[in-house]
Amino acid sequence: MSTLNTYGDAGFELVLDSTSMQERNTPELDTMVQFAVFVPELVMSHLDVVYLYNCNSCFRIFASKLAYRIFSHIKGSKKLVMVDSLSKFSEYIDPTSLKLPDSTTNFETDPQAMDCTGHTVTEKAIRLPVQISVTSEGVIVTQQDKQQVFGQPTVIKDFYHISTIREGIVSEEKESFFIRLISAQQPLKLVTQDPWPIVRLINQMVSKWQIQQPSRYILERELSPKDVPGTFLNIALYNCGSAHPQVRIAGYSLLCAMKEAFNMQLTGHVVESTHLCIPFNDTGYIAAVSSELAINEPQLTLEFLSEAIASMQKAAMGQKIYCLHYISPWLKNLGRFMNKKEGETTEHDKLLNVLKMLINLTLSEQEISPLLQEHIWCAVGKVNTLLDVVLDLFVKESRSSETVGKKSETLCQTCISLATVNKELVAEKIITRTLKVLRKMHEDLGSKLDLQPSWMDITSLIRMILYLSFDDRLNVIVHAPDILFICLMLLSSGSVVVKASIHSIVINTLQTLASLQQFAQKGDILKGLTLKIVELSHPRANYHFGISDVKSSAGMALQGDAAPDTKFTNPSTSSSSSLSVTSLLIMANHFLEILHIAISEIKEVQWTSQWKELATTFAFEQSCALQSHGFIALASWSRQENVTISTSNVLQILQKFSQVMSHYPEKSILLETILLCLSHYVSHLEHQNILLRHIFWVAIATLELGDSVLYSSAQVLIQECISGLLDQGLADAQPLSELV
C-alpha cells in the first residue's frame, strides 16, 4: 500500500506477469477482494495501462472469477494490453526498464531444443490444438486458438519449469504422452505424431536438473506432522557425529527428548543426563542406535532417509561416511512401502523419491563409490520387492547418458552390487525385462532396431548384461539360452559399442560356462567350450558381430576408446549394418552348439527347449520387428538330432507365410527366413506326410515372383521337398512329375 500511495498524484503502468502462476500459488479470491477495497480510488484513477504478460490457463480461470468484482472497469478497455512476447513488450516499455525476473525471460531467450504441433487433452477429453516447445528451462504449451480474457482475445501459454516436472511418460496409445507434475495430482496429457523424442528430451533435462541441485531431491519439502519424527531423528543422529563436542551433546539431548516425546522403542542406549563427554569417533554407537530404531520404528523410514540423504549431499567427506553407517540399517524397510493401495500414492511416490535420491547420490559422489555400493546397494539388493522398480529407475536414468560414460559405468557397477547379494533374482529381472522390450519392437517403426523408440532401453539393459556376464552373475546355468538368444536378436545392431558389447557378452558367457564346477572337471566339455572361445574370438568371427574394423572388442565395449583407429559412435546415431540371413544362421548354429556341448553333462536342464520356446514366441509375435530372427533361431533348432516336426508345426508356418505374403515385397526378408525355416523342417517331417506336395508348389510359386532375395531360398525348399518324396519311396511307383 505504501508503494501505491507514491502514485497518488501521478500516472503509472502496471505489469502483471503470470508466467509462473499455478494452482498452488494462486491468491485466494477473498484476499484479492479485500486488497481491492483498500486500494484508494485516487490511486486507481491514475492507473494508465495494465500489461498482462504470458497469460496462462491458471490465470485465465483466475481472471474469470475476478472479472466482475475487481477488474470490471478495465474489461474490454484500452487500459488492458495483452502481451505474449518480449519483442512485443518493447513496443510499449523500454526493455531496460522492464526488469522482469530471469525465471520469466529465460523461457523466451533460451534456444528451443524441440518444437512441434499437437493437441492438449483437457479433463473433459476436449482436444485443443497447441504448439509444444521444449527448451533448457522447461516445456511451453501454447494454444493456437486465442481465448477470451477480460473480454479480449488472448494467446494462452502454459509454462512448466523443469523443476516442476516429475517425468514424461508415453501412453499406451503411442501417439499421446503425459507430463507428470510434482505439484499436480493429474498429469498433463498431450497428443503429437511422434511423442518419443519429446519424452526422452524432457526426462533427460529432468535428470540433469536434479543432479545439478544437490541440496534438493524434488522440490522444497513440505513437512506434515507425521514427517516430524523422521526429520528430527536425522538431525539428532547427524549432529551426534559432529566434530564439535557441544553439538554432539545437543544431538544426544535431542535424541533423548524424541524418545520421550514420540515414545520411541529404544532401550539401553539413550539415558538423559548432564555433563556428558561424548567422544568424536562414536560411529559404532550411533549405528547401533539407528539399527534398533529401524527395527522398532519402521514407519519413520521414508522421511528419515529423505532427510539423511539430503544432509549427506551437503556434508563434508568424513561426515558423508559417518552418515552411511546410520542410513544403511533403514534400507531393508523400503520394501514395506511397495504395496501401493488404490487411491493412495503418497507413500509410493516418497519411496520413488528416496530411490532417485540414492541414485543421484551414487552418481555424484564418485569418491566414496565403493562405500556407497557396500552400504547402500548391497542392502537394497537384499529387498526382493524393490528390484523391479530399482532396475526401472536405472534404465530411465541411463536414457539421459551416453552408452559409454561415467553415469552408465556407475549404474552398471551398481547392478553388480545388487547381483552380489541376490544373483538369481537380479539376473532373472534383467533378462526378462530385456526379452520383453525386444518383443515390443514394432515392425511398423522401421527395420533398423537402433531407430526404434525403445532402443535406448535396450542399450542400457545390454550394458547391464555385459557387466553381469563376468563371474557368473547372470546365473548362466539357468539363463544361458536366454543370454545367447538375446545376442542373436541384436547381432550387428546399433553402434560399434553395442556390437562390441554383444560380442563380449558371448565370450564372457562361454568363459563362465567353462569355469563352472560342473564342467571344469570334464575334459571333453571343457575342450569343446575352449575351442568355441577361440573360434568366436578369431577376427573372422568379428564380421558376423559387425565389428570387423575393431581390434579389441572388449576395450571398445568397456571404454569406447580402446581401439584408437575406431571412431566412437553415439548410440543414438544409426550405424546398423544389415547382416545376411546366412550370417545370422551361422551364428545361431554356433550358439546352439555351445548349448549342446554343455547339456551333454547336465541332464536336468532343458536349454534347447528354452531356445525353441523363445524362437517360437518371437517368430509368431504379431508385428514384432524380430520375427525374421525368430524363424532363423527355429531353423537352427531343427538341425539337432532326434527332432520330430509335426504337421501342425508346418501348418503354422505356412499360415504365417500366407499372412506375410500379403505384404510382399515390403517383407521379403521375413519371407526368406520363413522359407529357410520350412527347408529345415521338411527334412524332419513325419513319414508319408501329405504336406510335402503342397510345400513344393508353394516354393514353385515363390520362384515365379522372380525376386532375387527369395529365389535361392525357394530353390533349396524345392530340393528338400523332392528329397523328402524320394526318401518316402513314392517316386518308385510313378514319375515325379505326376507325383507332385
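**Close-up views of a predicted model**

**View 1. Q147 and its surroundings.** Q147 lies in strand 7, which spans residues 147–149. The model is predicted. The side chain of Q147 meets that of R60 in a polar contact of 3.5 Å. Apart from neighbours within four places in sequence, Q147 is in contact with R60, Q152, P153, T154 and I156.

**View 2. The second largest pocket and its lining.** This pocket has a volume of about 1,400 Å³. It is lined by 37 residues, and those closest to its centre are E23, S57, C58, I61 and E123. Two or more lining residues come from each of helix 4 (57–66), strand 4 (112–121), strand 6 (138–143), strand 9 (157–161), strand 11 (176–181) and strand 12 (188–191). Which element gives the most to the lining? Helix 4 does, with six residues. Sorted by class, the lining of the second largest pocket holds 17 nonpolar, twelve polar and eight charged residues.

**View 3. Helix 16, residues 387–398.** From first C-alpha to last, the twelve residues of helix 16 reach 16 Å, close to the 16 Å expected at 1.5 Å a residue. Nine of these twelve residues are buried, so helix 16 is largely enclosed by the rest of the structure. The buried residues of helix 16 are L387, V389, V390, L391, L393, F394, V395, E397 and S398. E397, a charged residue, is thus one of the buried positions in helix 16.

**View 4. Helix 28, residues 627–637, and the helices around it.** Eleven of the eleven residues of helix 28 are buried, so this helix is largely enclosed by the rest of the structure. The buried residues of helix 28 include Q627, S628, H629 and G630 at one end and A635, S636 and W637 at the other, with F631, I632, A633 and L634 between them. Which helices do the buried residues of helix 28 pack against? They pack against helix 20 (476–489), helix 26 (581–599), helix 27 (607–619), helix 29 (647–661) and helix 30 (668–682).

**View 5. The whole chain, for orientation.** The secondary structure of the chain comprises 33 helices and twelve strands. Of the 740 residues in the chain, 53% are buried. Among contacts with a separation of 6 or more, 71% are between residues 24 or more positions apart.

How values were computed:
Residues are numbered from 1 along each chain as its sequence is written. This is a predicted model: local features need pLDDT of at least 70, side-chain atom pairs count only at pLDDT 80 or more; totals for chains, interfaces and linings use all residues. Side-chain values use heavy atoms; hydrogens and water are left out. On a 1 Å grid over the protein atoms alone, a cavity is a set of points where a 1.4 Å probe fits but cannot get out, and a pocket is an open set with protein on both sides within 12 Å along at least five of seven lines; lining residues have an atom within 4 Å of a point. Grid points are joined across faces, edges and corners, and a volume is the space filled by probe spheres set on the points. Helices (H or I, at least four residues) and strands (E, at least two) are DSSP runs, numbered from the N terminus. The expected span of a helix is 1.5 Å times one less than its number of residues. Buried means under 20% relative accessible area, exposed over 50%, partly exposed in between (1.4 Å probe, protein chains only). Contact means heavy atoms within 4.5 Å. A polar contact is a pair of N or O atoms within 3.5 Å; within protein, one must be able to donate a hydrogen and the other to accept it, and residues adjacent in sequence count only if both atoms are side-chain atoms.
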